[in-house]
Amino acid sequence: MEVKVLFVCLGNICRSPLAEGVFLELIKDAELEKKIKVDSAGTSAYHIGELADYRTRQTAQQHGIQLTHQARQVQKEDFQLFDYILAADKSNYNNLKVFQSENDRASLHLIREWEGKNLEVPDPYYGTLKDFEEGYQILKKALKPFLEHLRAYHGI
Ligand code: 4NP
């Protein structure tokens with residue numbers, strides 16, 4: 001069985017493509033590429049078709065991660081295609097809530113849920129490169145326990 005994960009932020013050019021890249025590295029390290037599939041999307045239509053922000057790509061590159069994702073907007077259909085939809089912050093989470101219906105495949109969470117706190121991944125768009133690096137560190141810390149959850153819960 002394949003577990004499918006969708007990371008969502010506002011623009012799909014900063015936090016969620018980075019989350020996708022970071023999580024893919026963790027999956028590769030655990031040799032789970034065939035078991036876990038990852039994608040990302042944005043709640044807004046602002047940046048559809050664009051590569052990740054150059055600061056996102058630079059930060060990822062510094063950690064050996066190449067980002068090639070092109071931004072797309074989340075769709076109601078995603079709630080049938082994915083098992084987990086993970087929002088970067090509470091605003092993203094609330095905007096995703098409106099897509100939800102009773103017989104969805106997906107469950108909706110905050111990316112940082114498995115850190116055991118009600119924490120957000122802050123929006124770095126109007127910040128500096130330092131904020132992007134902090135975002136990377138936050139994602140790395142948040143996604144390790146999420147991967148552990150997937151392994152335990154899905155027996156992979
Ligand atoms: P993201 O960051 O949601 O992490 O991709 C942002 C990207 C673009 C904008 C805001 C946040 N924007 O306002 O265009």
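1. Leu-81 touches Lys-4 and Arg-105, leaving out residues up to four places away in sequence; contact here means heavy atoms within 4.5 Å. Leu-81 sits in helix α3, residues 78–81. Helices are DSSP runs of H or I with at least four residues, strands are runs of E with at least two, and both are numbered from the N terminus. The C-alpha atoms of Leu-81 and Lys-4 are 7.6 Å apart, although 77 residues separate the two along the chain. With 35% relative accessibility, Leu-81 counts as partly exposed. Buried means under 20% relative accessible area, exposed means over 50%, and partly exposed lies in between (1.4 Å probe, protein chains only).

2. A word on the basis of these values. This is a predicted model, in which local features need pLDDT of at least 70 and side-chain atom pairs count only at pLDDT 80 or more, while totals for chains, interfaces and linings use all residues. Residues are numbered from 1 along each chain as its sequence is written, and side-chain values use heavy atoms, with hydrogens and water left out.

3. The protein has 5 helices and 4 strands. Their order from the N terminus is β-α-β-α-α-β-α-β-α. The radius of gyration is 14 Å, close to the 15 Å from the globule rule for 156 residues, so the protein is as compact as a globular protein of that length. That radius is taken over C-alpha atoms, and the rule is 2.2 Å times the number of residues to the power 0.38. Along the principal axes, the C-alpha atoms fill a box of roughly 40 × 35 × 30 Å.

4. Of the contacts in the protein with a separation of 6 or more, 73% are between residues 24 or more positions apart. Of the 156 residues, 49% count as buried.

5. The largest nonpolar core has 32 residues; those touching the most other members are Val-5, Phe-7, Phe-23, Ile-36, Ile-111, Leu-143 and Phe-146. Such a core is a set of buried Ala, Val, Leu, Ile, Met, Phe, Trp, Tyr and Cys residues joined through side-chain atoms within 4.5 Å. At least two residues of this core come from each of β1 (3–9), α1 (15–29), β2 (36–42), β3 (84–87) and α5 (129–154). The largest share, 8 residues, is from α5. Beyond its neighbours within four places in sequence, Phe-146 contacts Val-5, Phe-23, Tyr-84, Leu-86 and Trp-114. A second, separate core of 12 residues includes Val-8, Val-74, Ala-87 and Leu-108. In soluble globular proteins, nonpolar side chains tend to be buried together.

6. Thr-56 belongs to helix α2, residues 54–62. Thr-56 counts as buried because its relative accessibility is 0%. Residues up to four places away in sequence aside, Thr-56 touches Ile-13, Cys-14, Leu-18, Leu-67 and Phe-132.

7. Two residues deserve a check of their backbone angles. Most residues other than glycine have a negative phi. Asn-12, not a glycine, has a positive phi of about 60°, and lies in the loop between β1 and α1. Glu-31, also not a glycine, has a positive phi near 55° and lies in the loop between α1 and β2. Asn-12 is buried at 1% relative accessibility, whereas Glu-31 is exposed at 67%.
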